[in-house]
Amino acid sequence: MSLHTNLAGRLRNTNLPKTHGLLPVFEAVVNSIQALEEADGLAEGQITLEIIRNPQQQMHPGKGAEKEIIKGFTITDNGVGFNAANMESFETLDSDHKIGKGCRGIGRLMWLKAFDTAEVESVFCQEGKLYQRNFSFSSRQGVQTESPVAVHDQKVRTVLKLDGFDKEYYASCRKTPLSIAEALLEHCLWYFVRSPATPNIIVKDGTESISLSDIYDRCMHSAATAEQVSLKGYVFELNHIKFRAGVNKNHPMFLCAANRVVKEESIGKKVPGLFGTLSDDAGEFTYACYVTSDYLDEHVRSERTAFDIAETIEDLISDQEISLSEIREAVVEKTREYLSDYLHDNMKAGKERVNTFVAQKAPRYRSIMSHMDERELVVDPRISDKELESLLHRHYYEAEKSLMEEGHEIMNPAVESNLEDYQNRLSDYLRKAQDFKQSDLANYVTHRRTIIDLLEKYIERLDDDKYAREDLIHQLIMPMRKDSTQTPFDACNLWLIDERLAFHDYLASDKPLGSMPVTGDISGKEPDLCALNVCDNPILVSDKKALPLASVTVVEIKRPMRNDAREGENKDPIEQALSYLDRIREGQAKTASGRLIPNSRDIPGFCYVICDLTPSVVQRCRIFDLTPTHDHMGYFGYSKSYGAFIEVISYNRLAQSAKERNKAFFDKLGLPST
């Protein structure tokens, strides 16, 4: 039975990612290297990769200094050429002619994925005579070949011209001769590292020529170091390479197959201290590890752009399958050992970065640092605060999750558990739980420090010589147009005004009095903040008054440096607060559940006015016969006619008082309090 091949269909089923547009070109260079190996001429080998540009098109029209768009490439070598065996292999898809070199017999299909045509001129030696063979290759016509002809006075060489570079592939590829040469060296670096002799490979772009050997010599910090690791019966060979500083700062791992790089990934974050540049006696360097194995050769995809290897192998114990994660872990462990002498300073700097951040900005993590994997906390000192906070929070979550699972086991001990062992486990669990409680407290105190910093920022003069609107400060103290039923406890920062306000029974912010279940008032007036405190005795069962007296607190907030206070409820913040208090009392105050509070007229009232002590505000304080505070940053007093305590607090006093009340906590955590 004969099978026919549909070339167009086969091309559709051949995968070449758009970001791999230069791969067919690089594979053609690898073919040239193999042709030199076949001719036993690596040491004398010459390979030229010439960039062909379209003189009618520039990369950036109007900029004369820019290079023209690349239309194709020409690869020339003096290898064995397209003799009868190689030509037969070329015309046979999935040929196994060079299977010993890891070739899959589909490399030329990649040419037609990224280019319109491929044209070949090859002079080769057959039975002691020289012949020349010319042929073309395209998706429409397949291989169009001529019979080889005898030639004289010529040298063995093959010229491959790839023409008609696809726009989508071109858009994503490197475009300058140096960047193309560097990428080519990376692709076939294995030949330079492993082979005692390497061909002279040149990248040409017009009059510019770049030698890969020169780049290799310039990039290499020292000779490669090889070692082996075994996984499930397969040997993986690792080549540790030091590049001169600046070549590659990602510290990559390269998985190779058939002497080519197939997969690259950074392992810098997986090896503690492997970031930035490292140093030895010869100077600074960056690190890369090239990995080869028969297992990788056997599992590389035909296009050589990826491997058919699972990331992890779950619920399966196999003596033959190896996952990418297993390979990566083995490489990381060997890398850690190889670089151990060079990572010390980096690890020290990384730990200091974490310790300084925790001490100064995130003390909540201090008590639980011992429950985190120390190696995971070695970070690049250049990491941003945001990234570091995210990293610590992730580890905190994992540690907390582990503690929760441990708690479930502790609370449900196995019947056969040893009592002494159980007591030791319980003691250890309680100690960990205490550390997390300390972390929660530290987080709360740090939150207060942040709120005070924001308050001080809000009351500063802005760039336009104005001050922040009162609604920004209002939002900082208590979310606007919300009440206690809509706002989480930790979203209120009433402690800025008075610590007692943190323990209210009902609180409304910037809501009309008529919408508050505590007032009974139908007015549309809106106090900034209104709080109700109720002393409810749960054991009171007699038919006496249902509740003891409550207190009502009204807070009025004004824009920083506002200086237009004058007589009248709409202009005098003190009178405004007192009027709100009166309306609440007249409406017969109720609890949040709707129960009447007896003697509403006699409810103690507290009025706070938050504003700067501008001349007009000071004048209103004197009219109400208020007494200056000892630091002259506020006023206080009692109004008999309103039955209310009044306190006018300047913004400076608000921030300073909050810092003084919390100073002991800030000092304990090492947070700045001045």
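Me: Is Cys256 buried or exposed?

Reply: The terms rest on relative accessible area: buried means under 20%, exposed over 50%, and partly exposed lies in between, with a 1.4 Å probe and protein chains only. Cys256 has a relative accessible area of 1%, so this residue is buried. Please note that this is a predicted model, in which local features need pLDDT of at least 70 and side-chain atom pairs count only at pLDDT 80 or more, while totals for chains, interfaces and linings use all residues. Residues are numbered from 1 along each chain as its sequence is written, and side-chain values use heavy atoms, with hydrogens and water left out.

Me: How many disulfides does the structure hold?

Reply: A disulfide is a covalent bond between the sulfur atoms of two cysteines. The criterion here is a pair of cysteine sulfur atoms within 2.5 Å, and the structure holds 0 disulfides. For Cys256, the closest cysteine sulfur belongs to Cys289, at 9.0 Å, which is too far for a bond. Cys188 also counts as buried, because its relative accessibility is 0%.

Me: How many helices and strands are in the protein chain?

Reply: Both are DSSP runs numbered from the N terminus: helices are H or I runs of at least four residues, and strands are E runs of at least two. The protein chain has 17 helices and 23 strands. Of its 674 residues, 47% count as buried. Contact means heavy atoms within 4.5 Å; among contacts in the chain with a separation of 6 or more, 65% join residues 24 or more positions apart.

Me: Which residues of helix α8 are buried?

Reply: In α8, residues 212-219, the buried ones are Leu212, Ile215, Tyr216 and Cys219. Seen down the helix axis, they fall within an arc of 100°, so they line one face of α8. That arc is taken from the directions from the helix axis to the C-beta atoms. Their cover includes α6 (177-187), α7 (189-194), β8 (200-205), β9 (208-211) and β11 (234-244).

Me: Which residue caps the N-terminal end of α8?

Reply: Ser211 does, with a side-chain oxygen 3.2 Å from the backbone nitrogen of Ser213. A polar contact is a pair of N or O atoms within 3.5 Å; within protein, one must be able to donate a hydrogen and the other to accept it, and residues adjacent in sequence count only if both atoms are side-chain atoms.

Me: What is the volume of the second largest cavity?

Reply: Rolling a probe the size of a water molecule over the atoms shows where empty space is left. On a 1 Å grid over the protein atoms alone, a cavity is a set of points where a 1.4 Å probe fits but cannot get out, and lining residues have an atom within 4 Å of a point. Grid points are joined across faces, edges and corners, and a volume is the space filled by probe spheres set on the points. The second largest cavity has a volume of about 30 Å³. Its lining includes Val229, Phe236 and Ile327, and α10 supplies the largest share, 3 residues.

Me: Where is Glu127, and what is its phi?

Reply: Glu127 sits in the loop between β3 (115-126) and β4 (129-138). Its phi is near 55°, a positive value in a residue other than glycine. Glu127 is exposed, at a relative accessible area of 77%.

Notes. On a 1 Å grid over the protein atoms alone, a cavity is a set of points where a 1.4 Å probe fits but cannot get out, and a pocket is an open set with protein on both sides within 12 Å along at least five of seven lines; lining residues have an atom within 4 Å of a point.
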